[in-house]
Amino acid sequence: ECILDNDDDLTKNTDFEDTGNVVTKFLGDNECKKIIDTLKNILCDKLFEILNIKILPSELKNYHKFVTKEQHLKFTSMLYTSDGCGFNSSDYINNFYKEIDNRVSELCGSQVESKIPERINSEFWIRIVRPVEYTDCFDNNPPHRDISIKRLRNALNLYFPLIGSGTESSLGIIPGSHRWKECEIQRTTGG
């Protein structure tokens with residue numbers, strides 16, 4: 001059985017129903033820049049707060065040169081709340097929620113909100129992937145299915161790169177994988 005058959009399929013009756021993904025203009029250029037600048041400032045503030053490392057937002061593309069493996073692991077683990085969820089972003093990007101929700105609702109053709117129902121706060125995740133030559137642990141985000149994680153069911157994921165994402169370094173997507181049947185998926189040790 002396909003898990004999505006029993007969930008709210010937010011891709012149903014959309015232009016991306018078959019592929020499960022869409023690459024599209026997200027928000028206006030000014031709004032995107034404001035969100036990126038805000039999140040970069042948050043990361044710089046958190047780096048200083050957690051590791052006492054001071055870098056400028058413009059230097060984040062070289063994050064991997066400022067932190068050791070141990071510092072990186074400490075930093076990323078402390079970015080999240082005690083229950084392992086994304087940092088509470090409502091204090092930082094409250095002004096953008098309505099715009100984000102409206103745009104995603106427009107793409108889905110139904111009203112959605114950027115909040116996991118059982119959570120009190122809206123949350124966003126930040127994933128930091130360092131170049132392989134600077135780490136002996138694997139930061140890459142290989143193809144996977146978030147639908148297997150209960151708290152991510154009945155939802156959509158947004159990929160909104162802040163820094164360093166291009167044709168050679170992006171999120172891998174397998175079109176149509178959201179419709180795969182669970183009995184046809186071979187689980188591996190890493191995921």
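Asp101 is buried but forms no salt bridge. The nearest side chain of opposite charge belongs to Lys98, 9.7 Å away. A salt bridge requires a side-chain nitrogen of Lys or Arg within 4 Å of a carboxyl oxygen of Asp or Glu. Asp101 sits in helix α4. Beyond its neighbours within four places in sequence, Asp101 touches Val112, Glu113 and Ser114.

The model is predicted. Mean pLDDT for the protein is 79. A value of 70 or more is reached by 74% of the residues. Confidence is lowest in helix α4, residues 90–108, where the mean is 80. It is highest in α2, with a mean of 90.

Salt bridges do occur elsewhere. The structure contains 7 of them. One joins Asp5 to Arg179, with the closest N and O atoms 2.5 Å apart. Asp5 lies in the segment before α1 and Arg179 in the segment after α4, so this pair ties together parts that are 174 residues apart in sequence. Arg179 is partly exposed, with a relative accessible area of 33%. The pairing also belongs to a network of salt bridges that links Asp5, Asp9 and Arg179.

An α-helix has 3.6 residues a turn, so residues three or four places apart point the same way. Both partners are partly exposed: relative accessibility is 30% for Asp37 and 49% for Lys33.

Glu17 and Lys12 form a further salt bridge. Their closest N and O atoms are 3.8 Å apart. Glu17 is partly exposed, at 25% relative accessibility. Lys12 is also partly exposed, at 46%.

Helix α3 spans residues 69–78. His72, Phe75 and Thr76 are buried in this helix. These three residues cover an arc of only 90° around the axis, which puts them on the same side of α3.

Terms used. Residues numbered from 1 in each chain as written. Heavy atoms only, no water. Buried < 20%, exposed > 50% of the residue type's maximum accessible area, 1.4 Å probe, protein only. Helix = DSSP H or I, 4+ residues; strand = E, 2+ residues; numbered from the N terminus. Arc of directions from axis to C-beta. pLDDT = per-residue confidence, 0-100. Lys, Arg positive; Asp, Glu negative; His and termini not counted. Contact = heavy atoms within 4.5 Å.
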